[in-house]
Amino acid sequence: MEQISRYGTPSTRLISMLKCLEYPMRNVREGDKFVILTDDQMDPLIWQATMATLHSRGAECLLCLYPRRSHHCADPSPLALGAARAADVILALTTTALNSGTPGLRQIRSEGSGKGKTPVWLFEELNQEILIDGGGASTAAEVEEMCEIQRRVGAIYDNGKQIHVTSSSGTDLVADISGYAPGALARRWGEIPFERHPETGKLGSGTWPFGEVHVEPLPDSANGVVVWDETAHYPPGQWKQPVRLSIENGRVVDISGGHEAREIRGYLERYGDDNSWRVGGEIAIGTNRRCLPYTGCMRSEKKRYGAMHFGIGHGADRGLVNSVLRLEGITDRVTIVVDGKHTVARDGEILV
């Protein structure tokens, strides 16, 4: 946010912004139907640039703008959900996370087009700095490099049973990652984003900025400590004090730290349910070298090379933990070892 804090956000930045949207929009064709979900706190210049790029490629675009939701994973306006059901692609451009923990979006994705799901393009919490000066400026060659790294990491996870994550800030977590279909993670994370399916011709999913590979632990199997030492979806911004999550048998049993820890406890109690305290979310490592450190913004930090985002609550991969809220936080420069012998990353450097 340094450039924004120094110079503001002039409308002329639209010139650079349009350039950074070329890659995710490269396969859009005339007649593709997009519904853009956004809220009244999103930078209007970003959704204007998005609509302009889609329109220039002949797509049919509908913008659904509604008041910002009270918390992450809260459903959009029911009117917006109705419009989204007719879309070929739902583009989430909101200041609150609309991941698959959101009940309304989960329903859309299961009923939609393509291969039985409506692809959701996740551009949540995006700002100009991320798009122009950070991970949103990634090139096609850089995305291909990320996919190859992710494929190799996914292949280790496919053949692994136990993951052990540590960090200098105090993370020390062990979990069971077995049970995926053979080769599922290598295929998934090695796929180029925003591509068209060769058989159906439908657009696939993607995130922007791009760059992560995750694995979801089996329910009730995670034990140890996770320290979120940078930021989380809530409270927003760069943290002053880390938050320590104590986990027993796949459930958060204690949250300790300073002001941020107190805020998280209140947030979970106010908006979550019983399953929101379970470890159903992902253990992920970022692969995007363009994402800058210390931004305090999850859209960038969760893709940042060598940083982990760890989620509690709803698990999208296995569908075995369902909650009304999923909360993700960042742990910097992690070390990841699978089955006690495969070192995926050491101190934030991916080794495979």
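**Cysteines**

I began with C20, which counts as buried at 10% relative accessibility (buried means under 20% relative accessible area, exposed over 50%, partly exposed in between, with a 1.4 Å probe and protein chains only). I kept in mind that this is a predicted model, where local features need pLDDT of at least 70, side-chain atom pairs count only at pLDDT 80 or more, and totals for chains, interfaces and linings use all residues. Residues are numbered from 1 along each chain as its sequence is written, and side-chain values use heavy atoms, leaving out hydrogens and water.

C291 is in no disulfide either, since the nearest cysteine sulfur, that of C297, is 9.7 Å away (a disulfide is a pair of cysteine sulfur atoms within 2.5 Å). I noted C291 as buried too, with a relative accessible area of 4%. For the structure I wrote down 0 disulfides.

**The sheet**

Next I looked up an open sheet of 5 strands, with parallel pairing and the order β2-β1-β3-β4-β7. Strands here are DSSP runs (E, at least two residues), numbered from the N terminus, and two of them pair if DSSP finds at least two bridges between them. β2 (60–66) and β7 (206–207) stand at the edges with a single partner strand each, so one side of each has no neighbour in the sheet. I then checked β3 (residues 89–93), which pairs with β4 (residues 120–122) in the parallel sense over 3 bridges. There I found I90 opposite V120 in β4.

Key:
Helices (H or I, at least four residues) and strands (E, at least two) are DSSP runs, numbered from the N terminus.
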